[in-house]
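Student: I have a structure open and would like to learn how to read it. Could you take me through a few features?

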Protein chains: 2
Amino acid sequence: MKVLLTGASGFVGRHLLARLVRAGAEVHAVGRTPPTPLPGCYWHTLDLLDAAPRYALLQDLKPTHLIHLAWTTAHGHYWHDPRNHDWVLASLALLDEFAAVGGEHALFAGTCAEDDWRKPTQPPSGGCTAATRYGRSKAALRLLALDRAEQLGLPLAWGRIYFPFGPGEQPQRLVPSLSRQLLAGLPAATGPGTLERDFVYVGDLAAMMMLVSERRHAGALDLSTGRATPIGTLAAELAELAQRPDLLRVGALPAREGDPQRLVGSDDVLRSLGWHAEIGLSEGLRHTLAWWRAQHQGSVHENQ
Amino acid sequence: MKVLLTGASGFVGRHLLARLVRAGAEVHAVGRTPPTPLPGCYWHTLDLLDAAPRYALLQDLKPTHLIHLAWTTAHGHYWHDPRNHDWVLASLALLDEFAAVGGEHALFAGTCAEDDWRKPTQPPSGGCTAATRYGRSKAALRLLALDRAEQLGLPLAWGRIYFPFGPGEQPQRLVPSLSRQLLAGLPAATGPGTLERDFVYVGDLAAMMMLVSERRHAGALDLSTGRATPIGTLAAELAELAQRPDLLRVGALPAREGDPQRLVGSDDVLRSLGWHAEIGLSEGLRHTLAWWRAQHQGSVHENQ
């Protein structure tokens, strides 16, 4: 397969890119800033919001598979970035352009934030409105893109991403910040330990995406383990791996407003495609901590 | 106020147009086919999907209020018409163009069909997907337009329409078809009489829309009576008014697949704006039947 991968320099994109290349696919990666060169991957430096070069690239490449992860993703800012709307329109155009050059299957990245997390307390007809512009924009794109794909006769999978973690994640996020504190011998604090999340090891997430593309699944699905893990349990497991349970301060940080008690997807569709987790939570945390340890040692060396 | 009204030649649009003119507003109505001339109303013949003339009209008029009812509405066909998507994009552009010329308030027509009527049986994260392309497109526009309006600093009301009825409704629909059968002395059949709907007299709906525009309400709301009426009850009331209860055949038609048991909105927001029904269901049915009687007699005269 000849894959066009957008958002290839992001956290999930880098893992998926490496896996696609290992699997022998012809991979064309798109991003605004070229990464470290990777053998077997063609890199195209491009802003996908810019219509003319995007159109030209599709005409030129004629990929058979499209995996579209690119979006506005600046940490913190992306939840309310007005450019979320530009990404809705550009993504719809990309879908049309991909179909026009004979594309065979597309996978678009959705998010668990499409849902209205306050749902149970909303009046019946006021629901279906995510709390953030990011969530609302992704939900709108899901509604429009799945419709459009059906009309084009193109199988499109809409894969809702939950809580990926693993090597290379942005350092401010939960698993990286805990790992770094523990490895530095500093107190590692979390918010309420009872909140449950669907944590997905990024290598497993990349494998899920490849499976969905290969099987040419059409429709929305959760890229989910189907398992809810309390944040306190995850933190304790990480502290055990780091052999520093003494540093753990579960619940020391305040709850964030609007944080729902439980966010977990369903793995029913994935399992119907033959999915089984390769790495899983415990092994994933081990890999991640090892990666941060290498980074930490690297930075200690650099500082010496 | 200087109002730009789109969809002015539709069922709801015609009633709203007459009411705006009576209220002394400067009304600019837009549609593809000019209606019978109405004193006090300026008519602009235009396809709103055509960007250049739409832009020029906004630049020329600079309306203070926009009431946007236009959409693809061919009976039966509109539920799955691919042009639903064109209306999403054109409506977003219209909103931007209206804000750019100093627009002060916009009201966009939503629909109770935005909701996922199968909601109770769906898995948690698979919800928020209406059953029709029409419903999904309106839902997507609501998500994007309310966001965009907030960003533009423009108050936008998104008014979900339930089940309007009244003079001039398309003859295939429930109240017209019952009225015509009863007046012709023919059996009047309905589907299951227990299904409950939020029926809104079209004159009341027009009054709701004017109130929302005048009060410059921002956000989504139901244009609803807040009351569910069983279809059997409505049909019986109509048959009584026509003095032909003997002709009524409630439940004689099969249930339509996917028809939900109960579709009713909330009138909480409307009431917070000072709303009280002017006509209501019974009086509305009386007006409607009288109108069909006049049509019926007219057609009899014409045939003589």
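Student: At roughly what angle do the axes of helix α1 and helix α6 of chain B cross?

Tutor: Here's the general idea: two packed helices are described by the angle between their axes and the distance between the axes. In chain B, the axes of α1 (residues 11-22) and α6 (residues 202-214) cross at roughly 60° and come within 9 Å. Axes are lines fitted to C-alpha atoms, for helices over the stretch in contact, and angles run from 0 to 180 degrees between N-to-C directions. Helices (H or I, at least four residues) and strands (E, at least two) are DSSP runs, numbered from the N terminus. Angles under 35 degrees count as roughly parallel, over 145 as roughly antiparallel, 65 to 115 as roughly perpendicular and the rest as oblique.

Before we go on, this is a predicted model, where local features need pLDDT of at least 70, side-chain atom pairs count only at pLDDT 80 or more, and totals for chains, interfaces and linings use all residues. Residues are numbered from 1 along each chain as its sequence is written, while chains are lettered from A and ligands numbered from 1 in the order in which they are written.

Student: Is the crossing of α1(B) and α6(B) left-handed or right-handed?

Tutor: Right-handed. A crossing is left-handed if the near helix is turned anticlockwise from the far one by less than a right angle, and right-handed if clockwise. On the α1(B) side, the contact is made by Phe11(B), Val12(B), His15(B), Leu16(B), Arg19(B) and Leu20(B). Among the α6(B) residues that meet them are Val202(B), Leu205(B) and Met209(B). Two residues are in contact if their C-beta atoms, placed from the backbone, lie within 7 Å. The residues of this contact divide into 10 nonpolar, 2 polar and 1 charged. Ala, Val, Leu, Ile, Met, Phe, Trp, Tyr, Cys and Pro count as nonpolar, Asp, Glu, Lys and Arg as charged, and the others, Gly among them, as polar.

Student: What about α2(A) and α3(A): at what angle do they pack?

Tutor: About 25°, with their axes 9 Å apart. That makes α2(A) roughly parallel to α3(A), and their crossing is right-handed. From α2(A) come Ala51(A), Arg54(A), Tyr55(A) and Leu58(A), and from α3(A) come Ala93(A), Leu94(A), Glu97(A) and Phe98(A). The contact has 6 nonpolar, no polar and 2 charged residues.

Student: Which residues of helix α5 of chain B are buried?

Tutor: A handy idea first: an α-helix has 3.6 residues a turn, so residues three or four places apart point the same way. In α5 (residues 174-183) of chain B, the buried ones are Val175(B), Pro176(B), Leu178(B), Ser179(B), Gln181(B) and Leu182(B). A residue is buried if 20 or more other C-beta atoms lie within 10 Å of its own, exposed if 12 or fewer, and partly exposed in between; C-beta atoms are placed from the backbone. Just after α5(B), Gly185(B) takes a positive phi of about 75°.

Student: Is Pro63(B) buried or exposed?

Tutor: Pro63(B) is buried, because 24 other C-beta atoms lie within 10 Å. You'll find Pro63(B) in the loop between α2 (51-61) and β4 (65-68) of chain B. Leaving aside neighbours within four places in sequence, its contacts are Lys2(B), Val3(B), Leu4(B), His28(B) and Gly103(B).

Student: What rotation superposes chain A on chain B?

Tutor: Two copies of a chain are related by a rotation about an axis and a shift along it. Here the rotation is 180°, with 0.0 Å of shift along its axis (RMSD 0.0 Å). The two copies are thus related as by a two-fold rotation axis. Copies are superposed by least squares on the C-alpha atoms of residues with pLDDT of at least 70 in both.
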